[in-house]
Amino acid sequence: MNNNVIIGTAGHIDHGKTTLIKALSGIETDTTQEEKERGMSINLGFAYFDLPSGKRCGVVDVPGHERFIKNMLAGVSGINLVLLLVDSREGIMPQTKEHFDILTLLGIENYIIVMTKIDLVEEEYRELVKEDIRAFTAGTPLEDAPIIEVDSISKKGLDTLLETIDKKTEDIQARNIEKNARLNVDRAFQVKGFGTVVTGTLTEGVINVGDELVIYPKEIKTKVRNIQVHAQDVTQATAGQRTAINLANIKFDDIKRGDTLATAGSLTKTYMIDTEIKLINDESANLELWDRVRVYIGTEEIMARVVPLGAEELAAGGNGFAQLRLEEEIAVKNYDKFIIRTYSPMITIGGGVILDANPKKHSRFNEEILEKLKVQLEGNSSDLIANYLLSHQDYLVAKDNIVKELQLPVNEVEADIAQLLEEGLIYQTKIGYIHKKKYEEVLEKLKKLLIDYHKRYKLKVGIPKIEVISKFKLSQKEVLEMIDLFIKNNEVRLEGNLVAEKDFVVNYDKKQLAEKARIERELLQGGFTPPTIKDLTNGVKASVELLDSLVDNTIIRLDADLVLHKDMLDQAIKKVEEHFSTNDKMALAEFRDMTGSSRKYSMAILEYIDKLGVTRRVENYRVLAKK
């Protein structure tokens, strides 16, 4: 059972929403002087009452007047149950229908229909109104909704209404408190002596006093100074609660309704979203390319241009994919829902769900994009993970990021990853997972690079790793992990520090073999003070090319003119490790004495060993890198 229930009231103007809430809670939600004078709810009211079972209900009183529809849209975010009010004297009215369209488009399915002001109407007439309501709701989520008759002044029917609310909220699942905190701000105001206060429904996660949060989309950092839930100071608010939060170090101009208070890094800032849109069955509800619309998401209203995907237009009564080009930046995430109204006159024509919160501009009829969106809309969690890895800007994505971004249970993600690995649709590295298509894309580019390199440099075993890294627009860490993965899968091979085609071998002729043997022999004979490159080759081009082919294989290049046989480097590293088995540091002179090399070579060899991560320099000494 969920002990934090949010109830919304909806219906035509003057159908008794505010009066009913006052009768249930004792709280008057028309709080501003303007509201009292005009007799209507302009801003979102905020009240609560307890049910017979002990559950506490937070109430959002949403306005009914056409001018304030956007306030109504702000209020439905986070609602569990809707009381749709119908005046017994008037029945279904135009705004009743529009409110119902909005609620349906946002996916709300839990309703109670409340017939108000029954003391003013004869029973026979009320029965006619009931029939009208049933005809209106036939074939909709409201079809089986109970109809409760009440009069807020005489309190007739209120006990029945409370019992019905209690029953209808028995099976409402507790919201996921494991997710990142998120509150869509529906009010922001100043309180003398306290500073800036915001209110809204905490739709996900938990907020504690002292938490550091971010105001999106401006990404202003703030700290929670105080929390109120149902007019009581608390130390923690949980998902599903109507909440007032006092923010530290925030000016009134820093935050407004439409902003979102959330955990840092949990939302995507964007000017563009790929969506699925459903349109109501009305002749005015067609959407064509570049139509300008009003988009309501969370508590924000934003203007946007429509770009249908996979079709020339979105037809009334149907659904389809579309990219929305937003005129202002918003902060959202995948699967957020929204409402669309026409620019002018303002009529609700549809609603939708975000399938990609950070897309690129792409062709309207790109089959790959359309398939991706279809997977996002209909796919199971395994498909979603594969799709996420394929579309992510990084090539290697950690499991924690998958869990966080897709908001899936850890055990479900682990099971799906195991299945995807077994099917060969993804690959695993030490730092994350990569989709098969991205794996093949990188591999194809690497193989082409190696083929071209081997054609140009027939005497070189392969390309140095550092050079391979420079050819890809990936991080060094990602490229190195990919190389290791390709080697593990026998796609390429590694010779020393050189990456090569798996079947490539250097073919030396007899003269080159003799020259190779000479160079390697002279380097071994020279020990830790071998001949320089100039001395070894005498500047002969063929000898220089042959020596280059041995670098990072049997020969190590220390600098532009100094080389060392790999066996000698291995001996040097062994001597260093033996020294540190009984010593904490090593001077250059000590290394020179243990190798019998010159100061020039000793310095070059030690610097190379530093680069390998065996040692590191501290002032005029070396210490083991791990210390």
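Predicted model: local features only at pLDDT ≥ 70, side-chain atom pairs only at ≥ 80, totals over all residues.
Let's start with the helices. The axes of α11 (residues 436–456) and α13 (residues 476–488) come within 11 Å of each other and cross at roughly 85°, which means that α11 is roughly perpendicular to α13. On the α11 side, the meeting residues are Tyr 439, Val 442, Leu 443 and Leu 446, and their counterparts in α13 are Met 482, Leu 485 and Phe 486. Seven residues of this contact are nonpolar, with no polar and no charged ones.

Helix α11 also lies across β27, β28 and β29, running at about 90° to β29. These three strands make an open antiparallel sheet in the order β27-β29-β28. Since β27 (463–464) and β28 (492–495) stand at the edges with a single partner strand each, one side of each is left without a neighbour in the sheet. Four antiparallel bridges join β28 to β29 (residues 498–501), and Val 492 sits opposite Glu 501 in β29.

Now for the largest pocket, which holds about 1500 Å³ of space. Of its 47 lining residues, Lys 372, Tyr 388, Ser 391, His 392 and Gln 393 are the closest to its centre. Helix α11 turns up here too, as one of the elements that give two or more residues to the lining, along with strands β17 (268–279) and β24 (348–356). The largest share, seven residues, comes from α8.

The lining divides by residue class as follows:

| Class in the pocket lining | Count |
|---|---|
| Nonpolar | 13 residues |
| Polar | 19 residues |

Definitions and conventions: Residues numbered from 1 in each chain as written. Heavy atoms only, no water. Axes fitted to C-alpha atoms, helices over the stretch in contact; angles between N-to-C directions. Parallel < 35°, antiparallel > 145°, perpendicular 65-115°, else oblique. Contact = heavy atoms within 4.5 Å. Nonpolar A, V, L, I, M, F, W, Y, C, P; charged D, E, K, R; others polar. Pairing = 2+ DSSP bridges. 1 Å grid on protein atoms, 1.4 Å probe; cavity = no way out; pocket = protein on both sides within 12 Å on 5 of 7 lines; lining within 4 Å. Points joined across faces, edges and corners; volume = space filled by probe spheres on them.
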